[in-house]
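Please consult the sequence and the coordinates alongside each reply.

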Amino acid sequence: MSAQRQSFKKGWCPGVRRPMETGDGQIVRIRPRGGRLLATDLAEIAKLARLYGNGLIDLTRRANVQMRGLTPESFPALVSDLDRLGLADETEAAEAARNVMVNPLTGLDPAEVMDVRALARALEEMLSGRAGGGGFRLSGKFGFIVDGGGCFSLDGERADIRIRAVGSADQPGVAIGIDRAEGGLWLRLVEPEQVLSAVDCLIDVFVALTEEFGDVRMAEVPEDVARALERAVEGFGEPAGALKFARTNTQKTLGEIVLDAGSAVVGFAAPFGRVEAEDLLAVAERAIAVGAPEFRVSPWRSFYVPVPDQQAAQHLSVFAGAHGFLVDSDEPLLAIDACPGLPACASASVDTRAAARALAPLLRQIGCASAHVSGCSKGCARSKPADLVLVGESGQFRVVRNGTVNGSTVGHISPDNIQNLVALRRVV
């Protein structure tokens with residue numbers, strides 16, 4: 001073990017049984033099992049958000065659903081209703097442990113290597129069981145990805161432990177990897193039936209080796225810990241070797257998506273991940289009406305809804321667009337990550353969403369394919385670099401090019417004069 005150790009900040013995420021206080025009240029986060037929600041459940045979530053909160057709902061980068069504007073008085077009744085619907089875990093610990101993201105079209109995508117729905121369910125059950133037995137002492141943000149591959153894979157998303165189908169549909173295998181600051185480290189290629197045992201082993205060794213750090217993420221641990229984890233799973237499968245996947249983090253196709261003859265999916269995104277309860281309720285009820293009972297949740301702040309035919313796909317796409325969702329993959333707003341900002345977040349000093357909407361039509365003109373508008377220096381909405389970053393400071397924006405919120409400042413701009421970025425570009 002390395003003699004040099006670092007101190008790490010504790011991390012946790014709000015859940016059904018653990019709300020978080022924000023500028024517009026408490027937020028509660030629901031983790032869909034297997035990345036899926038019944039349309040009927042989504043309709044109930046919209047009704048509860050309207051009844052107990054401020055009617056605003058967020059889709060998060062971890063493919064979760066958040067209700068906003070709750071109060072200490074309304075929170076107990078909300079939890080009771082979510083329990084009734086089966087949308088809450090038995091304990092806070094079980095919910096925290098079940099931080100699993102699944103590619104949204106698994107079981108539907110003709111290009112995927114393997115349908116990983118059963119594997120994802122088994123992993124969630126294992127994690128919840130470990131938490132119930134007190135055997136899960138990990139950061140509340142410690143996350144897992146189960147990815148079947150295909151056109152809607154999660155190769156561009158980060159997770160502490162990654163499970164990825166490889167090979168072909170005729171001869172599928174599974175790669176297991178861990179996150180590092182410089183990218184993923186693939187450890188082993190294993191048979192599907194070995195996956196849970198290998199992941200269980202990784203958790204045991206990780207917990208044992210990082211007790212002195214407190215809550216820590218996989219990308220933060222020293223190199224000697226990463227190598228010890230690699231040795232710990234040597235008894236499973238074979239070395240991953242030079243296995244690599246492209247780490248692209250782009251918004252997937254929206255609108256009507258034809259999968260194969262006779263089957264289709266509709267994709268629609270919430271601008272900056274925010275939707276009003278009335279609109280979500282309307283779309284959920286219309287999906288039920290056209291024979292689409294299931295919503296798949298994605299980390300791109302969008303839903304994917306399997307529909308019975310292309311006619312239903314066209315109808316639902318138009319309907320979702322009329323209710324504020326984005327159904328065009330070329331929509332400029334999709335290139336911008338923006339946190340809630342004022343007045344929703346007490347840490348923010350600017351209205352990020354208004355600034356992002358003003359920025360969207362300017363992106364091409366200022367030569368940017370991606371942007372991040374952050375209400376403060378935390379940078380909660382995006383951890384990866386963007387072509388343009390606006391960071392709220394004392395009611396103004398600090399401007400960063402080709403970096404993160406911690407990048408070098410190239411100028412400042414007023415939220416009321418976002419169009420001045422065109423002139424600023426000539427300077428920088």
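Q: What makes H5 and H6 partners in contact, and which residues meet?
A: In this predicted model, Cys-201, Leu-202, Val-205, Phe-206 and Leu-209 of H5 meet Val-225, Ala-228, Leu-229 and Ala-232 of H6. Contact requires heavy atoms within 4.5 Å, and the residues listed for H5 and H6 are therefore in contact by that criterion.

Q: What angle and what distance describe the packing of H5 and H6?
A: Helix H5 (residues 195-209) packs on helix H6 (residues 223-232) at about 150°, and their axes are 10 Å apart. The crossing of H5 past H6 is right-handed.

Q: Why are E17 and E21 said to stand at the edges?
A: The open sheet of five strands has the order E17-E18-E19-E20-E21, with mixed pairing. Strand E17 (336-338) and strand E21 (409-413) each have a single partner strand, so one side of each lacks a neighbour in the sheet. From one strand to the next, the twist averages 20°.

Q: What makes E17 and E18 a pair?
A: Pairing requires at least two bridges; three bridges join E17 to strand E18 (residues 371-374), so the two strands pair. E17 and E18 run parallel, and Asp-337 stands opposite His-372 in E18.

How values were computed. Residues numbered from 1 in each chain as written. Predicted model: local features only at pLDDT ≥ 70, side-chain atom pairs only at ≥ 80, totals over all residues. Heavy atoms only, no water. Axes fitted to C-alpha atoms, helices over the stretch in contact; angles between N-to-C directions. Helix = DSSP H or I, 4+ residues; strand = E, 2+ residues; numbered from the N terminus. Left-handed = near helix turned anticlockwise from the far one by under 90°.
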